[in-house]
Amino acid sequence: VPALVEATRLNAAKAEVSVEVYCAEVTSTTWPPATFDLILLPNLMYTYIPTRRRRIQTLERLRTAAKPGGWCYLRFLCTDSSNTRARRFLHLIERVVAWSTLGNVECELGDTLDRGLFEHRFPDSKVVEDEAQMAGWIIRRSGEPNQNMDYVWITTPSEVPVLPTLR
């Protein structure tokens, strides 16, 4: 992570843009209100936040930290839409195991362990859009799944929204 922070600062300096970079536990950190113009949750970070309740709470904190008209970029994994019946059956087994071992007792359809890391795979961007709207964000643009990944641009209310460009 320190190398990524340094690379971000170097790229910003080359582009002659002023940036502040923060590395923090996104689900529990509270920032001062109206601090950020742009919040990025890149590299599928949103996928790694367990439970719908916790994702919405995180988005609420981020909305408060965003300036009026501020933007947030969410990137996440989508499920393969084939074989839904088998996926639901596997989810039932996962829930039984979670409850019997006092593991992830809030196990949701889409929760998986991949190489020992938790992931939540969304059926489509609509679910993420719903979570963002429940947290008070406005949906501005959603992507099309590309290799089971998708994205959503969300913003806080403002007079004239202008979509930021990423290079």
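**Close-up views of a predicted model**

**View 1. Cysteines and the disulfide count.** The count of disulfides in this predicted model comes to 0. Two cysteines are worth a look here. C23 is exposed, at a relative accessible area of 54%. C78, by contrast, is buried, with a relative accessible area of 3%. As a reminder, a disulfide is a covalent bond that links the sulfur atoms of two cysteines.

**View 2. The open sheet.** Here 4 strands make up an open sheet with mixed pairing, and their order is β1-β2-β6-β5. At the edges sit β1 (36–41) and β5 (138–142), each of which pairs on one side only. From one strand to the next, the twist averages 20°.

**View 3. Where β1 meets β2.** Zoom in on β1 and strand β2 (residues 66–77): the two run parallel and are joined by 5 bridges. In general, strands of a sheet pair through backbone hydrogen bonds, in either a parallel or an antiparallel way.

**View 4. How confident is the prediction?** The protein has a mean pLDDT of 80, and 74% of its residues reach 70 or more. Among its elements, α2 has the highest mean pLDDT (94), while helix α3 (residues 84–101) has the lowest (64).

Methods: Residues numbered from 1 in each chain as written. Predicted model: local features only at pLDDT ≥ 70, side-chain atom pairs only at ≥ 80, totals over all residues. Heavy atoms only, no water. Pairing = 2+ DSSP bridges. Axes fitted to C-alpha atoms, helices over the stretch in contact; angles between N-to-C directions. Disulfide = S-S within 2.5 Å. Buried < 20%, exposed > 50% of the residue type's maximum accessible area, 1.4 Å probe, protein only. pLDDT = per-residue confidence, 0-100.
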